[in-house]
Structure formats: structure tokens, C-alpha cells
Amino acid sequence: MTASPLAPTRTPPAALAISAVQKRTLTVLLVSQILSGVGLAAGVTVAGVLAGQMLHSTSLSGLPIALLTAGSAGAAVVIGRVSQRLGRGPGLAAGYLTGALGGAGVVVADALGSPALLFVSLFLYGAGTTSSLQARYAGADLAAPHQRARATSTVIVATAAGGIAGPLLATPAGHLARALRLPELSGLFLLSAVAFTLAALTLLVWLRPDPLVLARTLPAASDEGAPADSPSRSGPGLLVGVVVLVLSQLVMVAVMTMTPIHMHAHGFGTVASGLVIALHTGSMYLPSPLVGRLVDRFGATAMSVVTAGTLLAAGVVAALAPGHSLTLITLALVILGVGWNFGLVTGTAIVTNSTPLATRAKVQGLVDVAIAVAGAAGGLASGIVVALAGYPVLAVLCGVLAFGAAPAAIVAASKDSARAWPT
């Protein structure tokens, strides 16, 4: 007796089990991301000020961000390799615990007045920022190919909650530091050390089964994005994913870094520039759930083009905005943040879908190294361009550079539309 074609389709028990594990995985990642987001706040909020006070000079106040970037780049390789061998939980937890050690080291360095210990500690602290970024990959390990971008975006948006809460805790953390007879500025790093430690423990205790380890045992979805003739070779979309991620990071950092300086030159104070950067940061993370759905719905090729167009639009608006127009400058930075979010979610989906499970975590770690280097390059080059040609030229150049991702995506899709990555 044959089943009626009108009979409802039943989901296999194995698929239901994997779906339940995926929900649990995302819940655990959300908690750890909120905690790590709080931890990230110290590096951005007070690291430069702390270094300036300790060195009695503002000339090296940018060094902490450089050290954080260098530390995050180095940690990305290590975390990727540990995750490849032992699973996402141990890899990410190792990064968070290293970041916590760095945060504690900053507290000790401030108490002792030791610049050398401060610089070493900030380098270690960068590992925590890398784990927070690489956690997005863990959200996609058990997701179906058509839902990976959505899963990734769910993890990304959780970072915003901690990132917004972190700076708001600066004053209470300072009071706590004084109560412990520690320098006030070290309070936020003390809080970060605790937050990173809790994020690590959350993963080690509750991220079970490990999503990457479990994904390798699922033959039906073992290598969805990899070439059919090689279980260990990356697909042709990988390079495009890297281009989208790298260009998005470079352009975002370059324009964001110079915007407060541009505003200050036109008479705006720190309150106005702080508001612009806060709105920019919100636009970087809060659209993630919607962006994830768009990537899953319309595909990586279309969203790569949208990413490029959005970043180009941000550059044009920033270039044309009068220096005295807070509204247009804010609009440009909000568009820039949205474009970066498009690039992060889209690029991450492409990289994940184009990389086989046999080498996925290791490759993803190397990709994040490229992202970190791009951010450092963007920050360094932006000052030179503005000094030589001005802020509007920087904005236009960044927009045009970002638009290079569009033809790269289209060409890659047309060359191999039947194989490795969704179009």
C-alpha cells in the first residue's frame, strides 16, 4: 500500500535530534557572546587612555589597539587549530581564558606602573576578541546550508548586547577598583577578565555535544560546500568570501577611525563623536538577524553585490557630507556599519559553505587572521590618506575599493555556479 501524496511529511528523528542540539548550541553561544561582549568593552573604551596616562604621553595612545590587533591575529591561528583538533568549545575557551589572563595582567600592570607588562597583557587580551569573533562559525556547524547565515547572525547580534552594556559598566567598575584599592581605569579590565572567564566556563560546561565534532559524524551533511571530488579541498567560493570579509573590515576601520578626528577638526566635541560611533557600532551588529535571513533567502552572490553597493554608498555620503553636518556624518557611519554587517554575515556564510569539515576550523582561523590584518592596515593607512588628501578622498577611495567585491562575486559565481557555493 503506497502512501498518499497528500500525507504530511514527517521529519526524521535524527533530523529532529540535530535540530534540538543546534538550538541548545545557539543558546549557549548567545550566553557566552553576551559575556564576551562585556569583556571586549575594556579594550575599546579605556586601553588608549590607560596607556597615555601610564606613559605620560598621548603619542603612543594608539599602540594598545595595535597590540590588541596583533594579539587577535596570532590567536586566530591557534584557536582555529585547537578547534580543528578538539572542537569549538576547547578552542574558543582557550582564547577566552588567554584574554582573561591578559585582562588580569593589565590590572597588575596598572597597579605596578609597568608599561612592559601592560603591552604584553594587551597582546594576550587580543585572544579574547578573536574568540568572540570566531564564535560565529560555531553557530553554523550544525545548521543546514540554507540556514547557515541566519545561525551565524544570531551569534553575532548577541555580541552587541554585551558590547553596549560593557561601556555602561565603566563607572561601576571604577568604583569596584577603588574599593579594592586598585587604579580606577583598571576596573573595566578586571570586569573583562571575569567576563572572559565566565564565557570560557559556559562553553566548556554546556557546549555539549561539541557542534564541530558532531558535524563530522553526520555523513549527509559532511561537506555541503566543498568540491565533490575532494573532501579536504576548499571550494571556489572561498577566495570571494575572504575578499568580502577583508574589504568590509578594511573599509569600515579606515573610515570609522578617521571620522572622530574629522569631526573634531570641524568643531565637534567628544560627546558628538561618541554618539556617532555608538550609532555606528549598533548598526554593525543589530541588523544581523535580518541580514542572515536575506543571505539565506537571496544567496551569497546577490548579497556580496549588496555589501559592495552599501559600502560604496557609505563612502559617497561621508565624502559629500559637509563637515558641520552631524546628521549626514551620522547617516554615513550608520550605512557603513550596516555594510560591514552585510559583509561579515555574507562572507562568513561563503567561507563556511566553501570549506570542508576536514579543514574548516583551521581555514576559518586563517581567514580571521586576514580580517585582523586588514583592520590594522585600514587604521594605519587612513591617517596617511587623510593627511595627504583629506577625509572626503579617504571616504571615496574606501567606497570604490569596497565595490571591488561585486565583480569578484559575480565572476566566481559564473565560473562555477553548479559546484561549491550558493548563488
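**Note on the helix packing and loops of the model**

1. Arg181 sits in the loop between α7 (170-179) and α8. Its phi is near 60 degrees, a positive value in a residue other than glycine. Most residues other than glycine have a negative phi, and most peptide bonds are trans. With a relative accessible area of 80%, Arg181 is exposed. The model is a predicted one, and the phi of Arg181 should be read as a value of that model.

2. The peptide bond joining Arg208 and Pro209 is cis, with omega at about -5 degrees.

3. On the overall make-up, the protein has 17 helices and 0 strands. It consists of 423 residues, of which 51% count as buried. Among contacts in the protein with a separation of 6 or more, 84% are between residues 24 or more positions apart.

4. Helix α13 (residues 300-320) has 21 residues, which at 1.5 Å a residue should span 30 Å; the C-alpha atoms at its ends are 30 Å apart, so expectation and model agree. The buried residues of α13 include Ala300, Thr301, Met303, Ser304, Thr307 and Ala308. Further along the helix, Thr310, Leu311, Ala314, Gly315, Ala318 and Ala319 are also buried.

5. How do α13 and helix α14 (residues 326-354) pack, and at what angle? The angle is about 160 degrees, and the axes are 8 Å apart. Angles over 145 degrees count as roughly antiparallel, and α13 is therefore roughly antiparallel to α14. The crossing of the two is left-handed. From α13, the contact takes in Ala300, Met303, Ser304, Val306, Thr307, Thr310, Leu311, Ala313, Ala314, Val317 and Ala318. On the α14 side, the contact residues are Leu328, Leu331, Ala332, Ile335, Leu336, Val338, Gly339, Trp340, Phe342, Gly343, Thr346 and Ile350. By class, the contact of α13 with α14 comprises 17 nonpolar and 6 polar residues, with no charged ones.

6. Helix α14 also packs with helix α12 (residues 288-298), at an angle of about 45 degrees and with the axes 10 Å apart. The two helices are therefore oblique to each other, and their crossing is right-handed. In α12, Ser288, Val291, Gly292, Leu294 and Val295 make the contact; their partners in α14 are Asn341, Phe342, Val345, Thr346 and Ala349. These divide into 6 nonpolar and 4 polar residues, and no charged residue takes part.

7. Helix α5 (residues 115-138) and helix α15 (residues 360-389) pack at about 135 degrees, with axes 11 Å apart. This makes α5 and α15 oblique to each other. Their crossing is right-handed. Leu133, Gln134, Arg136 and Tyr137 of α5 meet Gln364, Gly365, Val367, Asp368 and Ile371 of α15. The contact of α5 with α15 has 4 nonpolar, 3 polar and 2 charged residues.

8. Gly267 belongs to the loop between α10 (238-265) and α11 (270-285). Is Gly267 buried or exposed? Its relative accessibility is 68%, so Gly267 counts as exposed. The C-alpha atom of Gly267 lies 7.8 Å from that of His324, although the two residues are 57 apart along the chain.

Methods
Residues numbered from 1 in each chain as written. Predicted model: local features only at pLDDT ≥ 70, side-chain atom pairs only at ≥ 80, totals over all residues. Heavy atoms only, no water. Axes fitted to C-alpha atoms, helices over the stretch in contact; angles between N-to-C directions. Helix = DSSP H or I, 4+ residues; strand = E, 2+ residues; numbered from the N terminus. Parallel < 35°, antiparallel > 145°, perpendicular 65-115°, else oblique. Left-handed = near helix turned anticlockwise from the far one by under 90°. Contact = heavy atoms within 4.5 Å. Nonpolar A, V, L, I, M, F, W, Y, C, P; charged D, E, K, R; others polar. Expected span 1.5 Å × (residues − 1). Buried < 20%, exposed > 50% of the residue type's maximum accessible area, 1.4 Å probe, protein only.
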